[in-house]
Amino acid sequence: MASKRADILAAAKASFLDTGYEGTSMESIAKAANVSIMTLYRHAESKDDLFSAVICNACDPDDEAERAQMEALLEKPLRDVLLWAGMTAQSRLMDPDTIALMRTVIAGTSRFPGLAEMAHTSLVGNLEGMVAFMLGLKQETLGISAERRSELAVQFIDRLLGTHMLGVLMGLPGPSTQQQQERAEIAADALIAALGQPLSAER
C-alpha cells in the first residue's frame, strides 16, 4: 500500500507540474500511476485531496535516514533542534518542485479560489506543525500549552519566510546556505527568547 501510494503521489505531482491544476484529472493520474480509478479513489477522495497530499509530501522527511536524524536531534539542546528545523523548512520551500507547485497554485487561483488556502495550509501549515510537534517533545517547553507552542511555531516559520521567497517565485536565485543559516539562527534565538531562556544556555 505504501509503495502504491508513493506511485500515485509521484504521478499526481508530475501531472500537476506538467498540465497545471486545471489540466489534471483523476483519470489522467490513475493512468500515469498505472492503477484503476477505483484504486485511486481509495487513496484520495478528490483531486483537491491529491494536490494537498502532494504539497504535504514535499515537507516530509525524504527518507528513513533523515527521519532518524530528526529523532536523534531531539536528544540535543533546543537550539540545535530549531536550527535543523529552520534549515530543513527553507530547503523544502526552495526545492525546485515546491516552487513549481506554488507557481501552479498562483496560476490556478483565479479559477479555483480555494486553491491558495489549501496549498498554504498544506505547505506552510505542515512546516508549522512540524515545529510545534518538535517543541512538544522538548524538556524546555513541557510547561507550555499546545496553543502557545503552535503560536511559537507560526512565528518561527514566519521569520524564515522573507522577501527572498517572492524573488525565488519570480525566478531569482534564492539565499545562499550561509544566509539560510543566519535566518535559522535569528528564528531560533527569537523563539528561545520568547520562552524566557538565556541564549547562552542553548549555544
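Visitor: Which residues form the nonpolar patch on the surface?
Guide: Leu166, Met170 and Leu172. Together they have about 350 Å² of accessible area. Keep in mind that this is a predicted model.

Visitor: Where is Met170 found?
Guide: In a loop. The loop runs between α10 (164-169) and α11 (177-194).

Visitor: Is Met170 buried or exposed?
Guide: Exposed, because its relative accessibility is 63%. The cut-off for exposed is over 50%.

Visitor: Now the helices. How are two packed helices described?
Guide: By the angle between their axes and the distance between the axes.

Visitor: OK, what are the values for α6 and α8?
Guide: α6 covers residues 78-93 and α8 covers residues 115-136. Their axes come within 11 Å. They cross at roughly 165°.

Visitor: So are they roughly parallel or antiparallel?
Guide: Roughly antiparallel. Angles over 145 degrees count that way.

Visitor: Is the crossing left-handed or right-handed?
Guide: α6 passes α8 in a right-handed crossing.

Visitor: Change of topic. How many salt bridges are in the whole structure?
Guide: A search finds four. One of them joins Lys13 and Asp97. Their closest N and O atoms are 2.9 Å apart.

Visitor: What does the Lys13 and Asp97 pair tie together?
Guide: Parts that are 84 residues apart in sequence, because Lys13 lies in helix α1 (residues 2-23) and Asp97 in helix α7 (residues 96-108).

Visitor: Which residue forms a salt bridge with Arg79?
Guide: Asp189. The closest N and O atoms of Arg79 and Asp189 are 2.7 Å apart. Arg79 is in helix α6 and Asp189 is in helix α11, so this pair ties together parts 110 residues apart in sequence.

Visitor: Is Arg79 buried or exposed?
Guide: Buried, at 7% relative accessibility. Asp189 counts as buried too, at 14%. The cut-off for buried is under 20%.

Visitor: Which residue does Glu151 pair with?
Guide: Arg148. That salt bridge has its closest N and O atoms 3.2 Å apart.

Visitor: How many residues apart are Glu151 and Arg148?
Guide: Three, within helix α9 (residues 146-160), so about one helical turn separates them. Glu151 is partly exposed, at 36% relative accessibility. Arg148 is partly exposed as well, at 28%.

Methods
Residues are numbered from 1 along each chain as its sequence is written. This is a predicted model: local features need pLDDT of at least 70, side-chain atom pairs count only at pLDDT 80 or more; totals for chains, interfaces and linings use all residues. Side-chain values use heavy atoms; hydrogens and water are left out. Patches are made of residues with over 30% relative accessible area and no salt bridge: like charges are joined within 9 Å, nonpolar side chains (Val, Leu, Ile, Met, Phe, Trp, Tyr) within 5 Å. Accessible areas come from the Shrake-Rupley method with a 1.4 Å probe; for residues, only the protein chains shown count as cover. A salt bridge is a side-chain nitrogen of Lys or Arg within 4 Å of a carboxyl oxygen of Asp or Glu. Helices (H or I, at least four residues) and strands (E, at least two) are DSSP runs, numbered from the N terminus. Buried means under 20% relative accessible area, exposed over 50%, partly exposed in between (1.4 Å probe, protein chains only). Axes are lines fitted to C-alpha atoms, for helices over the stretch in contact, and angles run from 0 to 180 degrees between N-to-C directions. Angles under 35 degrees count as roughly parallel, over 145 as roughly antiparallel, 65 to 115 as roughly perpendicular and the rest as oblique. A crossing is left-handed if the near helix is turned anticlockwise from the far one by less than a right angle, and right-handed if clockwise.
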